[in-house]
Amino acid sequence: MTEALPTLWFVLIAVLWCGYLFLEGFDLGVGMLMKLMARNDTQRRVLLNTVGPVWDGNEVWLVTAVGATFAAFPYWYASLLSALYLPFLLVLLGLIFRAVGFEWRGKRHSDAWRNGWDWAIALGSFAAAAGIGAALALTTTGLPLNENGDRVGGAFAWATWPALLGAAAVVFFCLVHAAAFIALKTDGGVRRQADRLFRRLLPVAMLPFLGWALLVQLDTGSVLTWLAVVAAAAGLTAAYRFSAIGRDGRAFAALGLAMLALVGSIFGAVFPVVLPSTLDPAFDLTVQNASSSPYTLGLMSIVACFGVPLVLAYQAWTYWVFRRRVTESSIPPAHAVTAL
């Protein structure tokens, strides 16, 4: 049983990243669409209201994924985050500016004030999505690690074309995922805009993600992981067809399932390696040589058995409470508030 714990936690961390991309993906995309799709302040407020009750809860998945990596695979955590210090710093700054923008945007009745925070939200969302995409791509394609797991090269040794491919994959996925979510959560003109944008983006926006998956499959893929890529392609086709006939919920679900299949194919293909070395395969970090002690993993497993269901139940309840569509007519006019 103890020998299976590293594999179990590798699977759980992959699941956490899937949950993060599925939930945080659409609200990062909504942040970017604040400047790319919304035509006026009312429409931007509609977009904000679609993710307002849930965006901070979605970020829990990122904290949990990174924290679980630190506890279950400390060598994986140390090698990856030290090598990607600059990208993760940009991710952190992006998330900070984005969060402050959500909270402060409406604190002053000024177009210039709101416009500035709209840009903070959009650019912060872009930085977070690009940084996470680069990190996930590099943990599946490799970094120049020596026999001690230390990065070889300068501060930009991580800036390779697989990192750019991963960044593009997650950014474009967030955009198309957000369009599907907005079509599901709004009504009226904003919904029609999002619906059209979804069908325009989908055929090209998922190409970088497919390219990332194919890059990994061609290197270490198996029959099962190739079948997952085929299932993802079928899911993308279904998402387009559902959108074309006005089935917003099914289109959103089909796109999400396609993403899960792609991420599953990528993590499944690299297993048991958690961080490949581009210098020598003998320096690869694996689920065995990068993991914590069996006692630590066993204790974490007990905590996860209680904690994960509670988090899932709480988030499901939150989405259920805020399930109704948002319309432009439900947004009151912007106005100044006089302090008492």
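Trainee: Is Thr296 buried, partly exposed or exposed?
Mentor: Keep in mind that this is a predicted model. Thr296 comes out as partly exposed, because its relative accessible area is 28%, and buried would need under 20%.

Trainee: Which helix is Thr296 in?
Mentor: Thr296 sits in helix α13, which covers residues 294-321.

Trainee: Okay, switching to charges. How many salt bridges does the structure hold?
Mentor: There are 12. One of them pairs Arg105 with Asp41, with the closest N and O atoms 2.5 Å apart. That pair connects helix α2, where Asp41 is, to the loop between α6 and α7, where Arg105 is.

Trainee: And is Arg105 buried or exposed?
Mentor: Arg105 counts as buried, since its relative accessibility is 4%. Arg105 also has a salt bridge to Asp118, at 2.4 Å from N to O. Asp118 lies in helix α7, 13 residues away from Arg105, and is buried too, at 2%.

Trainee: Which residues are linked in that network of salt bridges?
Mentor: Asp41, Arg44, Arg105, Asp111, Arg114 and Asp118.

Trainee: What about the largest nonpolar core, which residues touch the most other members?
Mentor: Phe209 and Leu255, out of 108 residues in that core. Helix α1 gives the most to it, with 17 residues.

Trainee: What is Leu255 in contact with?
Mentor: Beyond its close sequence neighbours, the contacts of Leu255 include Phe173, Phe198, Met206 and Leu236.

Definitions and conventions
Residues numbered from 1 in each chain as written. Predicted model: local features only at pLDDT ≥ 70, side-chain atom pairs only at ≥ 80, totals over all residues. Heavy atoms only, no water. Core = buried A, V, L, I, M, F, W, Y, C linked by side-chain atoms within 4.5 Å. Buried < 20%, exposed > 50% of the residue type's maximum accessible area, 1.4 Å probe, protein only. Helix = DSSP H or I, 4+ residues; strand = E, 2+ residues; numbered from the N terminus. Contact = heavy atoms within 4.5 Å. Salt bridge = Lys/Arg side-chain N within 4 Å of Asp/Glu carboxyl O. Lists of a residue's contacts leave out its neighbours within four places in sequence.
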